[in-house]
Amino acid sequence: MQFRARSTRTRAIRTRSIRTGAVRTTVAALAAVAGVAAAAVPATAATAPASDTPRFLEPAELLPHPSSPWYAGPVTAGRPDPLPMCVGDALPSITSHRDYWTEYDTNAQQLTVEGHSEQWAKDFAALLRKDLAGCAKKLMRQDPDITATQKYYGRLNVEEGAHVYGIHTASAWGSSDIGLFSVGRDGATVTLVRWGQMGTFQHAQVADFKATTVTAVNKLY
């Protein structure tokens, strides 16, 4: 969702997320379908993980941006703050996450959870998918000033599979944000990738997002 140039190192980075939270918290947390303001994070790479630790996307593996490179914060243990829209409440404390941003308002995030069994991970991935499938209706129940619509872009054949969703929100005060989400699983590990900027479904880079999702799931181990 979004466009407005600014420095990535010396100015606060307003991650206009598809805000990932509850709605006016939808506007304070439309984390993944509305914009979210976040403090600037140093563009440092995470320490190389051990071979048995899930790997995260690198900035160059994100969707291509026409005017800016991608930057990334470190891989961080715990649930992100703010929580991603619609799926945030389902995230356990063992979640790890990494934030990404450009010099504009386009932003992304990867969240990964290592489960204790493949069945647990299968059930958790199904829960995230259910939350995303009902996301638009939930947002409009929470805030009557928000109009939300969504699309399901299908299943990707990578490891145990990944599913892609798009969510658009428009507010009574004029904002318009588009976000893409994917839920993928490799064995007992589940990863969720989200991308957002200002715009509509017309601005959603679906093919590029699917390619990024395949990369994210493939490189977990």
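Where in the chain is the place of histidine 65?

Figure 1. Histidine 65 has its place in the loop between α1 (26–29) and β1 (71–72), where helices (H or I, at least four residues) and strands (E, at least two) are DSSP runs numbered from the N terminus. The structure is a predicted model, in which local features need pLDDT of at least 70 and side-chain atom pairs count only at pLDDT 80 or more, while totals for chains, interfaces and linings use all residues. Residues are numbered from 1 along each chain as its sequence is written, and side-chain values use heavy atoms, with hydrogens and water left out. Histidine 65 is buried, with a relative accessible area of 14%; buried means under 20% relative accessible area, exposed over 50%, and partly exposed in between (1.4 Å probe, protein chains only). A polar atom of the histidine 65 side chain lies 3.0 Å from the backbone nitrogen of serine 67.

**Figure 2. The chain as a whole.** The chain holds four helices and eight strands, and from the N terminus on its elements run α-β-β-β-β-α-α-β-β-β-β-α. Of the 221 residues in the chain, 52% are buried.

**Figure 3. Aromatic pairs.** A search of the whole structure finds three aromatic pairs, where rings of Phe, Tyr and Trp (its six-membered ring) pair if their centres lie within 6.5 Å, and planes under 30 degrees apart count as stacked, over 60 as edge-to-face and the rest as tilted. One of them is the stacked pair of tyrosine 71 and tryptophan 101, with 6.4 Å centre to centre and 25 degrees between the planes. Tyrosine 71 lies in strand β1 and tryptophan 101 in strand β3 (residues 96–101), so this pair ties together parts that are 30 residues apart in sequence. Tyrosine 71 is buried at a relative accessible area of 15%, and tryptophan 101 also counts as buried, at 3% relative accessibility. Another stacked pair is formed by tryptophan 120 and phenylalanine 124, with 5.1 Å centre to centre and 20 degrees between the planes. Both of these residues lie in helix α2 (residues 118–133), four residues apart, which is about one turn of the helix. Tryptophan 120 is partly exposed, with a relative accessible area of 24%, whereas phenylalanine 124 is buried, with a relative accessible area of 5%.

**Figure 4. Backbone features in two loops.** Most residues other than glycine have a negative phi, and most peptide bonds are trans. Aspartate 81 and proline 82 are joined by a cis peptide bond, with omega about 5 degrees, and proline 82 is found in the loop between β2 (76–77) and β3. Cysteine 86 lies in the loop between β2 and β3; its phi is near 70 degrees, a positive value in a residue other than glycine, and cysteine 86 is buried, with a relative accessible area of 8%. Glutamate 159, in the loop between β5 (146–156) and β6 (162–171), has a positive phi of about 45 degrees although it is not a glycine. At 40% relative accessibility, glutamate 159 counts as partly exposed.

Figure 5. In helix α3 (residues 135–142), Cys135, Ala136 and Leu139 are buried. These residues cover an arc of only 100 degrees around the axis, which puts them on the same side of α3, the arc being that of the directions from the helix axis to the C-beta atoms. The exposed residues Lys137 and Arg141 are carried by the face of α3 turned away from its buried side.

**Figure 6. A charge over a ring.** The charged end of lysine 151 sits over the ring of phenylalanine 201, 4.7 Å from its centre; a charge sits over a ring if NZ of Lys or CZ of Arg is within 6 Å of the ring centre and within 35 degrees of the ring normal.

**Figure 7. Arginine 155 and valine 183.** Arginine 155 is found in strand β5 and counts as partly exposed, at 47% relative accessibility. The C-alpha atoms of arginine 155 and valine 183 are separated by 9.5 Å, while the two residues are 28 residues apart along the chain.

Notes
Polar contact = N/O pair within 3.5 Å; in protein donor to acceptor, adjacent residues only side chain to side chain.
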